[in-house]
Amino acid sequence: GEAGALNAVGWYHAQLGDYQKGLGYCEQALALFRELGNPPGESATLDSLGYAHTQLSQHIDAIGCFQRALDLLGRGERTYQHACVLTDLATSYQAAGNNVAATDTSLEALSILQALRHPDADGTRARLSDAGISIPADPAGMPMPHRQDPAQVPDGPQPHPPAATA
């Protein structure tokens, strides 16, 4: 319960714009979830950390957090939680200037959302359309894009030291 509460407090600090304080609480939560051996809690906390890093323009750290969150969730799974993390990852890729990875990741999230018949698919589809990306009519036939190494972000920011718990 304490780890979940710390993650929640960190998330809400980040939502209120106090990203540094949010990072501190989420890093505490992550340490506790790791100590407890709780991969779903770690994944949720890494998503929170990724959000705060994105807002601080620390895109390499954000991408790393989202990638680790997906690893903990299981790359082959296709749940709403996966789609949410993929959407967050796509946002970080785009902010870092890696439009190819952002598009691939958004298409993967869209594929999951469409398969789940989730209403969030409409927003993802619209963002891709606005970016000039054509969407295949049959989401089941969409190929799963490959992931790029976050260190290979073209024209993106220079890497900076990773977060203490990253």
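Which residue takes a positive phi just after helix 6? Arg117 does, at about 55°. The views below come from a predicted model, in which local features need pLDDT of at least 70, side-chain atom pairs count only at pLDDT 80 or more, and totals for chains, interfaces and linings use all residues. Residues are numbered from 1 along each chain as its sequence is written, and side-chain values use heavy atoms, with hydrogens and water left out.

**View 1. Helix 6, residues 99-115.** Helices are DSSP runs (H or I, at least four residues), numbered from the N terminus. Helix 6 has 17 residues. From first C-alpha to last, helix 6 reaches 24 Å, close to the 24 Å expected at 1.5 Å a residue. The expected span is 1.5 Å times one less than the number of residues. Of its 17 residues, 14 are buried, so helix 6 is largely enclosed by the rest of the structure. Buried means under 20% relative accessible area, exposed over 50%, and partly exposed in between (1.4 Å probe, protein chains only).

View 2. Ser57 sits in the loop between helix 3 and helix 4. Ser57 is partly exposed, at 48% relative accessibility. Arg117 lies in the loop between helix 6 and helix 7. Arg117 is exposed, with a relative accessible area of 77%.

**View 3. The largest nonpolar core, with 29 residues.** A nonpolar core is a set of buried Ala, Val, Leu, Ile, Met, Phe, Trp, Tyr and Cys residues joined through side-chain atoms within 4.5 Å. Leu46, Leu49, Val85, Leu89 and Tyr93 have the most contacts inside this core. Two or more residues each come from helix 2 (19-36), helix 3 (39-55), helix 4 (59-73), helix 5 (80-95), helix 6 and helix 7 (120-130).

**View 4. The largest pocket, holding about 360 Å³ of space.** Rolling a probe the size of a water molecule over the atoms shows where empty space is left. A pocket is an open set of points on a 1 Å grid over the protein atoms alone, where a 1.4 Å probe fits, with protein on both sides within 12 Å along at least five of seven lines; lining residues have an atom within 4 Å of a point. Points are joined across faces, edges and corners, and the volume is the space filled by probe spheres set on them. The lining has 17 residues. Ala90, Thr91, Gln94, Ser106 and Arg127 lie nearest the centre. Helix 5, helix 6 and helix 7 each supply at least two lining residues. Helix 5 gives the largest share, seven residues. By class, the lining has seven nonpolar, seven polar and three charged residues. Here Ala, Val, Leu, Ile, Met, Phe, Trp, Tyr, Cys and Pro count as nonpolar, Asp, Glu, Lys and Arg as charged, and the others, Gly among them, as polar.

**View 5. The two salt bridges of the structure.** A salt bridge is a side-chain nitrogen of Lys or Arg within 4 Å of a carboxyl oxygen of Asp or Glu. One joins Glu42 to Arg34, with the closest N and O atoms 3.4 Å apart. Glu42 is buried, at 11% relative accessibility. Arg34 is partly exposed, at 36%. The side chains of Asp122 and Arg125 also meet in a salt bridge (2.8 Å, N to O). Asp122 and Arg125 are three residues apart in helix 7, so about one helical turn separates them. Asp122 is partly exposed, at 49% relative accessibility. Arg125 is partly exposed, with a relative accessible area of 29%.
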